[in-house]
Each structure stands twice: as structure tokens, then as C-alpha cells.
Amino acid sequence: MQGAYTIAGMKPEQVDAAYLLVEAVNPPPDIESWRAYCGTPGAVTGAPRDLRVATNPRGHVKGLCLCRQARHAVHGSILDVPVFVVASAADEPGVASAMVEDLCALAGRLDCAAVRIRTGAASRSFSRLDAPRRIGGGVALILDPSPMGEPPWPLAQGVALPVKT
């Protein structure tokens, strides 16, 4: 079902629907922090960061990722994906595959050597992912199980960062 999803920059009218997915991230933003984060310059389809959503043919948001360019010690310029969330009971691997394909294409356009996805909350999405470790024009795929560092959105009052063990 991979061709059944459209992956694109998040539109303002998708912010609240995408919030249902970002609540799975630890620590999640509150709705007001999320709306403010999405309303800041560069948050919706712009550099230096990009919020991308996967939608099904009915327009329902089934996946969300935050990506931004970063430097990597081995690969140099990479597309870093600290937030990758899939919400599809019927086709989790299909949504994940479509999102990975889109991220790799975006990385290629930005001359990034690799895409690093922090799989934390979405690790189950990758268990059946049929994606090679090198995609298309030689973009490496790095599936990093470590959790997202400090969240890109402001934390709600009284919310602490998770303790690293």
C-alpha cells in the first residue's frame, strides 16, 4: 500500500491532527506548545527544519516526522530525523516505508549523505520495514534506537526530560 500515501510538508490545517501523533513522543508537547512550535518560521515546509506528514487518500494523517540538516562525524551532512511517528493499525510498515522513501529523496536533494532516524517511539514500525541500508542515489539509512535528545518544542510547566539509563 506504499503508493497509497502522500508525504509532504505539514499544512497549517494539519497541525491539530498531527498533534495526536506527536503525543506519542516522550516528552510530548502540550497542544498550545505544539501549535506555537508549528507556527514558528521554518516549522512548516521550510529550512532549517521541516515537519512532514503522511496522509492516506482520505486526507487522514497517518505519519509525522521532523527532519533537519545536521553534521555527522562519519557521513558529514545528514538529514536528522529526531521525531518519526506512525499511526496506522492497518499498514504501519507501508506508512513507514513511504516516509523513509520521502526522507531519502529529500536528503538527496539537500546533498546529504545519510538519513538518521531516531526510531525510539516508532521502533515497531521498522521491524517489518523492507528498506535497504542504502537508498536510491547512495543515501545511507541510519536507524538509531537512541531516544530524541532535548525536544525541539518548549516543555509544559512541570514536565521533566526523561532520565537516560
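1. Start of α2. A side-chain oxygen of aspartate 30 comes within 3.2 Å of the backbone nitrogen of glutamate 32, at the start of α2. This is a polar contact (a pair of N or O atoms within 3.5 Å; within protein, one must be able to donate a hydrogen and the other to accept it, and residues adjacent in sequence count only if both atoms are side-chain atoms). Helices here are DSSP runs of H or I with at least four residues, strands are runs of E with at least two, and both are numbered from the N terminus.

2. Basis. This is a predicted model: local features need pLDDT of at least 70, side-chain atom pairs count only at pLDDT 80 or more, and totals for chains, interfaces and linings use all residues. Residues are numbered from 1 along each chain as its sequence is written, and side-chain values use heavy atoms, with hydrogens and water left out.

3. Overall layout. The protein chain has three helices and seven strands. Their order from the N terminus is β-α-α-β-β-β-α-β-β-β. Of its 165 residues, 48% count as buried. Buried means under 20% relative accessible area, exposed over 50%, and partly exposed in between (1.4 Å probe, protein chains only). Among contacts (heavy atoms within 4.5 Å) with a separation of 6 or more, 61% join residues 24 or more positions apart. The chain exposes about 8500 Å², and carbon and sulfur atoms supply 53% of that area. Accessible areas come from the Shrake-Rupley method with a 1.4 Å probe; for residues, only the protein chains shown count as cover.

4. Helix α1. In α1 (residues 15–22), Val15, Ala18, Tyr19, Leu21 and Val22 are buried. Seen down the helix axis, these buried residues fall within an arc of 160 degrees, so they line one face. The arc is taken from the directions from the helix axis to the C-beta atoms. Their cover includes α2 (31–39), β3 (61–72) and β4 (76–86). As background, an α-helix has 3.6 residues a turn, so residues three or four places apart point the same way.

5. Strand β2. Seven of the seven residues of β2 are buried. Both faces are covered: Arg49, Leu51, Val53 and Thr55 lie on one side, with Asp50, Arg52 and Ala54 on the other. Strand β1 (residues 6–9) runs antiparallel to β2, joined by four bridges. Strands count as paired if DSSP finds at least two bridges between them. In this pairing, glycine 9 is the bridge partner of arginine 52. β2 also pairs with β3, in the antiparallel sense, over seven bridges. There, threonine 55 has valine 61 as its bridge partner.

6. The β2–β3 hairpin. Five residues lie between the strands, and glycine 59 takes a positive phi near 90 degrees. Histidine 60 is in this loop. Histidine 60 is partly exposed, with a relative accessible area of 43%. Leaving aside neighbours within four places in sequence, histidine 60 contacts Ala54 and Thr55. Histidine 60 and tyrosine 5 are 55 residues apart in sequence but 9.8 Å apart in space, C-alpha to C-alpha.

7. Cores. A nonpolar core is a set of buried Ala, Val, Leu, Ile, Met, Phe, Trp, Tyr and Cys residues joined through side-chain atoms within 4.5 Å. The largest has 23 residues; Leu79, Val81, Phe84, Met99, Leu103, Val115 and Ile117 have the most contacts inside it. β3, β4, α3, β5 (114–118) and β7 (139–144) each supply at least two residues of this core. α3 gives the most, with nine. Beyond four places in sequence, leucine 103 touches Cys65, Cys67, Leu79, Val81, Phe84, Val115 and Ile117. A second, separate core of 18 residues includes Tyr37, Leu51, Leu64 and Val83.

8. Two aspartates in loops. Aspartate 91 sits between β4 and α3 (92–109). Aspartate 91 is buried, with a relative accessible area of 10%. A polar atom of its side chain lies 3.1 Å from the backbone nitrogen of glycine 94. Aspartate 111 is in the loop between α3 and β5. Aspartate 111 is exposed, at 66% relative accessible area. Aspartate 111 has a positive phi of about 60 degrees, although it is not a glycine.
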